[in-house]
Amino acid sequence: MSGEDLILSAVSNPASAGFLHRFANPGRFLRLSRWLLPLLSILALMALAVGLIWGLFFSPADWQQGDTVRIMYVHVPMAILASGGYFALAVCGALSLVWRHPLADLAAVEIGPVGAVVTAMCLVTGSLWGEPMWGTWWVWDARLTSVLVLFFLYLGHIALIRAFDEPQRGYRAAAVLAIAGAVDLPIIKFSVKWWNTLHQPDSITLTGAPTMSMSMLGPLFVCMIGFSCGFGALVVARLKAAILEQKARQLMTRRIAEREYAA
């Protein structure tokens with residue numbers, strides 16, 4: 001069953017379509033994006049303006065790393081969003097394979113490039129931070145290597161989802177890759193515990209108190225909110241454009257068919 005057939009069946013028989021397919025209607029998403037996109041954009045700009053100025057100019061330097069520690073106000077959010085973006089790809093893959101959610105396929109197409117850029121920024125800022133601390137731009141450290149693998153997974157997903165003339169085949173293949181590649185996420189998370197690495201342990205965990213002062217944690221938290229909202233705004237904007245492009249293509253195809261039939 002194609003995505004269009006699913007949408008028509010969801011409209012005609014909402015009870016059998018299930019809860020998830022309530023959100024499979026592109027029109028419903030477009031209506032949602034009218035207020036969601038401006039909201040995320042405004043929150044991103046405000047939070048980044050406050051967080052980056054606070055972190056780069058007013059937060060204290062680290063007693064050991066000095067001003068170099070300020071790179072974390074970009075690096076840490078990029079690292080979190082790199083893993084979070086790929087987790088979103090895996091969720092889209094599950095929605096696509098199990099529930100045939102049509103918007104999940106389009107979302108996967110648009111999340112991939114944003115996640116790849118974020119992961120690249122994570123690697124670059126990590127190298128900028130590592131050189132003065134470790135004396136080298138790169139080491140085959142467990143954390144660094146697993147993030148590099150994540151970057152290649154993003155690139156593979158981007159290539160695979162566009163590799164077929166029939167879009168549905170690309171969606172299915174990329175969904176399998178996204179789900180299989182998610183095994184890298186716990187490796188990234190626990191690499192500093194499982195192996196002896198140069199990378200420092202996580203300063204923020206769910207099970208313990210943060211190991212940094214509140215004067216640093218405050219701007220870092222604001223930057224995380226800002227970059228997360230920015231990530232969301234980019235994905236929503238790209239997905240909105242993809243839906244409008246798809247609608248325009250369908251309308252053009254329909255008009256061409258009508259002209260040929262009239263002729």
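The following conversation explains how some terms apply to a predicted model.

Visitor: What should I know about the model before we start?
Guide: The model is predicted, so local features need pLDDT of at least 70 and side-chain atom pairs count only at pLDDT 80 or more, while totals for chains, interfaces and linings use all residues. Residues are numbered from 1 along each chain as its sequence is written, and side-chain values use heavy atoms, with hydrogens and water left out.

Visitor: Why is Gly 112 called buried?
Guide: Buried means under 20% relative accessible area, with exposed over 50% and partly exposed in between, for a 1.4 Å probe and protein chains only; Gly 112 has a relative accessible area of 1%, and is therefore buried. Gly 112 is found in helix α5, a helix being a DSSP run of H or I with at least four residues, numbered from the N terminus.

Visitor: Which residues does Gly 112 touch, not counting residues up to four places away in sequence?
Guide: With contact meaning heavy atoms within 4.5 Å, Gly 112 touches Leu 89, Tyr 154 and Ile 158.

Visitor: What makes α4 and α7 oblique to each other?
Guide: Their axes, lines fitted to C-alpha atoms over the stretch in contact, with angles from 0 to 180 degrees between N-to-C directions, come within 8 Å and cross at roughly 130°. Angles under 35 degrees count as roughly parallel, over 145 as roughly antiparallel, 65 to 115 as roughly perpendicular and the rest as oblique, and α4 and α7 are therefore oblique.

Visitor: Which residues of α4 meet α7?
Guide: Among them are Tyr 86, Leu 89 and Gly 93 in α4, which meet residues of α7 including Leu 177 and Gly 181.

Conventions: Helices (H or I, at least four residues) and strands (E, at least two) are DSSP runs, numbered from the N terminus.
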